[in-house]
Amino acid sequence: MSTPAASPIPANMPTLTPHIVCRGAGAAIAFYVRAFGAVELSRLPSPDGRLMHAMVRIGDSPLMLVDEFPEMGCHSPQSLGGTPMTLHLYVENVDAAIARAAEAGARVTLPATDMFWGDRYGRVEDPFGHAWSLATHLRDMSAEEILAASAQGCTGAP
């Protein structure tokens, strides 16, 4: 009797999923629950207690995370002196989402502002060194409208 072949892409997983390294992944999970309404899906501790894999879902998107394992080349933004990437999160109310993240311990790096591309947009840095941009889409705009609005400056509504 043969077993059915597994799907190359697991059910309910997108083809691209962020996988971040945190100094204190367990605390990061608790923060993401408070700040972004994350739901913890899985947690796999290593024999020494560090998390070698965990996954949460924020909205409809999974986020994988792991503790630092410097001996395996896994370093957090705190060990590297910052992060070169940003996690982007669309939300129903960006002002409320940024306030919730700040209350949970995030540092607001850009307050919510109406942007030329049609989103109300802001940025925070979480306590683990990860940059997050948050946005609420306000209006659909054509590429031409966005280009024209961008000529008026990087922020603000057209």
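Start by selecting helix α1 (residues 25–36) and helix α3 (residues 94–104), whose axes come within 8 Å and cross at roughly 145 degrees. Axes here are lines fitted to C-alpha atoms, for helices over the stretch in contact, with angles running from 0 to 180 degrees between N-to-C directions. Helices (H or I, at least four residues) and strands (E, at least two) are DSSP runs, numbered from the N terminus.

A quick word on what you are looking at: this is a predicted model, in which local features need pLDDT of at least 70 and side-chain atom pairs count only at pLDDT 80 or more, while totals for chains, interfaces and linings use all residues. Residues are numbered from 1 along each chain as its sequence is written, and side-chain values use heavy atoms, leaving out hydrogens and water.

**Stop 1: the helix crossing**

Stay with α1 and α3, and turn the view until you look through one onto the other: their crossing is right-handed. Now show side chains. On the α1 side you'll find Phe 31, Val 33, Arg 34, Ala 35 and Phe 36, and they meet Ala 97, Arg 100, Ala 101 and Ala 104 of α3. A contact means heavy atoms within 4.5 Å.

**Stop 2: the four-stranded sheet**

Next, pick out the open sheet of four strands, ordered β1-β4-β3-β2 with mixed pairing. At its edges sit β1 (19–22) and β2, each pairing on one side only. Neighbouring strands are turned by 20 degrees against each other on average, direction ignored. Two strands count as paired if DSSP finds at least two bridges between them.

Zoom in on β2 (residues 39–45) and β3 (residues 51–58), an antiparallel pair joined by six bridges. Select Ser 42 and you'll see Met 55 of β3 opposite; select Pro 45 and its bridge partner in β3 is Leu 51. The two strands form a hairpin with five residues between them, and Gly 49 in the turn has a positive phi of about 95 degrees.

**Stop 3**

Click on Pro 62, in strand β4. Is Pro 62 buried or exposed? It is buried, with a relative accessible area of 5%. (Buried means under 20% relative accessible area, exposed over 50%, and partly exposed in between, using a 1.4 Å probe and protein chains only.) Leaving aside neighbours within four places in sequence, Pro 62 is in contact with Met 13, Pro 14, Thr 17, Pro 18, Met 55, Val 56 and Arg 57.

Then jump to Asn 12, in the segment before β1. Asn 12 counts as exposed, at 64% relative accessibility. Its phi is positive, about 55 degrees, although it is not a glycine. Most residues other than glycine have a negative phi.

**Stop 4**

Select Thr 136 in strand β8 (residues 131–137). Thr 136 is buried, at 13% relative accessible area, and its side chain reaches the backbone oxygen of Val 91 at 3.0 Å. Not counting residues up to four places away in sequence, Thr 136 touches a set of residues including Tyr 90, Asn 93, Gly 118 and Asp 119.

Trp 117 lies in the loop between β6 (107–114) and β7 (119–125) and is partly exposed, with a relative accessible area of 26%.

**Last stop: zoom out**

Show the whole protein chain, with its four helices and eight strands. Its C-alpha atoms fill a box of roughly 60 × 45 × 25 Å, taken along the principal axes. Of its 158 residues, 36% are buried.

Technical notes. A crossing is left-handed if the near helix is turned anticlockwise from the far one by less than a right angle, and right-handed if clockwise. A polar contact is a pair of N or O atoms within 3.5 Å; within protein, one must be able to donate a hydrogen and the other to accept it, and residues adjacent in sequence count only if both atoms are side-chain atoms.
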